[in-house]
Amino acid sequence: MTMSRSSSPTSSSSSSLAVTATVVVATLALALALAAPANAEGNCTAGLEWSSTQQLCVDINDCLPHPCFVSSTCFDEPAPARGYTCAPCPPGYEGDGVHCVDINGCKDAPCYPNVECVDLPPPSDGFECGQCPVGLSGDGLNCTVYHDEQLWTEVEKNLCFGASDDSSAAFQFRMFGVVAEFRLVHRSGAFVCDKSQPDVKSNWGCAPDTDLFGVFIADEDSRRLVVPEADQAGYVFSGVRNQWYSLATPGITSSSAELTMTVPNGGVEVTSDTSYALFYGEDLFAHGTSNNDGIVCVDLMARYLSVTSVWEDNLTTDDDNNL
């Protein structure tokens, strides 16, 4: 008699479970390998480090602690690379993103000479200029001489010069450029051409209320005339050495309170390397001074056509003159 053999139901079920378990384990192992590539626990591959809290290898964040400038974003390099990249410095700063410094808007000295420059803080990279020097107007970046009624600028106060003994009054300009006119404002004193007649005196000449004048501005050292000169229009010279002149301007005499001397032909340039002086004509030309007497003190003004620079350290004040 032939007998047939059939599989046991219990044996078949055990085989299916074993296959399923094998598949699950393999899948889990693959997922772990993909999520945290490592040779073993705590031995991660390049660019990764072991996380005890997550129990896997994670990217090493090279942006911790923050290595970039406080306002610059840090970008970490993904594994397997190491390192970081900093965003550019924020507005108003310059540098590499790690080290950023304020852009100094004053580094190129953009303001007018001797005008204070104030660097503006970030996010600005600009600057502000202070006030223009005395005698000039503008925004501090560009300064020019005043216009219209404000053209006259003080050069020096209380300059005193005499009629003899080489007693000129030296001065230096504090603004340099081209001067069109000079104005002398009488403060005190008088010139006398004859000591035997002390009451015959004037502010600018020899005798009172005449049209002859004897006041000059010249280079203190070389005595080269600045104003007036013999070839300058508006002046008529007289005397053995042209030590006297008359003006084409009506109404001004040797006793007037002010004397204005115009420089024709585009004015005269005054510079920082020259010392100037006020002279009485006969004293300047060393002729006819033996009987002269007197000292005159004046305030000197100038009207500029253009200004090239200003020397603030040479400014004088009322307090300086009263020392």
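1. Asp-166 is partly exposed, at 46% relative accessible area (buried means under 20%, exposed over 50%, and partly exposed in between, with a 1.4 Å probe and protein chains only). Its partner in a salt bridge is Arg-223, with the closest N and O atoms 2.2 Å apart; such a bridge needs a side-chain nitrogen of Lys or Arg within 4 Å of a carboxyl oxygen of Asp or Glu. The two sit 57 residues apart, Arg-223 in the loop between strands E18 (215–219) and E19 (225–227), Asp-166 in the loop between strands E13 (152–162) and E14 (169–171). Strands (E, at least two residues) are DSSP runs numbered from the N terminus. Arg-223 is partly exposed too, at 29%.

2. A word on the source: this is a predicted model, where local features need pLDDT of at least 70 and side-chain atom pairs count only at pLDDT 80 or more, while totals for chains, interfaces and linings use all residues. Residues are numbered from 1 along each chain as its sequence is written, and side-chain values use heavy atoms, leaving out hydrogens and water.

3. How many salt bridges does the whole structure hold? The search finds seven. One of them joins Arg-303 to Glu-181, at 2.7 Å between the closest N and O atoms. Arg-303 belongs to strand E25 and Glu-181 to strand E15 (residues 175–189), so this pair ties together parts 122 residues apart in sequence. Glu-181 is buried, at 16%.

4. Strands E25 and E15 are also tied by Asp-299 and Arg-187, in that order, so parts 112 residues apart in sequence are linked. Their salt bridge spans 3.1 Å, N to O. Asp-299 is buried at 14%, whereas Arg-187 is partly exposed at 44%.

5. Now for the nonpolar core, meaning buried Ala, Val, Leu, Ile, Met, Phe, Trp, Tyr and Cys residues joined through side-chain atoms within 4.5 Å. The largest one has 53 residues, and Phe-182 and Tyr-245 have the most contacts inside it. Strand E25 (residues 295–310) gives the most to this core, with seven residues.

6. Do look at the aromatic rings: there are 14 pairs, counting rings of Phe, Tyr and Trp (its six-membered ring) with centres within 6.5 Å; planes under 30 degrees apart are stacked, over 60 edge-to-face and the rest tilted. Tyr-235 and Phe-237 form a tilted pair, because their planes meet at 45°, with centres 6.5 Å apart. Tyr-235 is buried at 9%.

Methods
Helix = DSSP H or I, 4+ residues; strand = E, 2+ residues; numbered from the N terminus.
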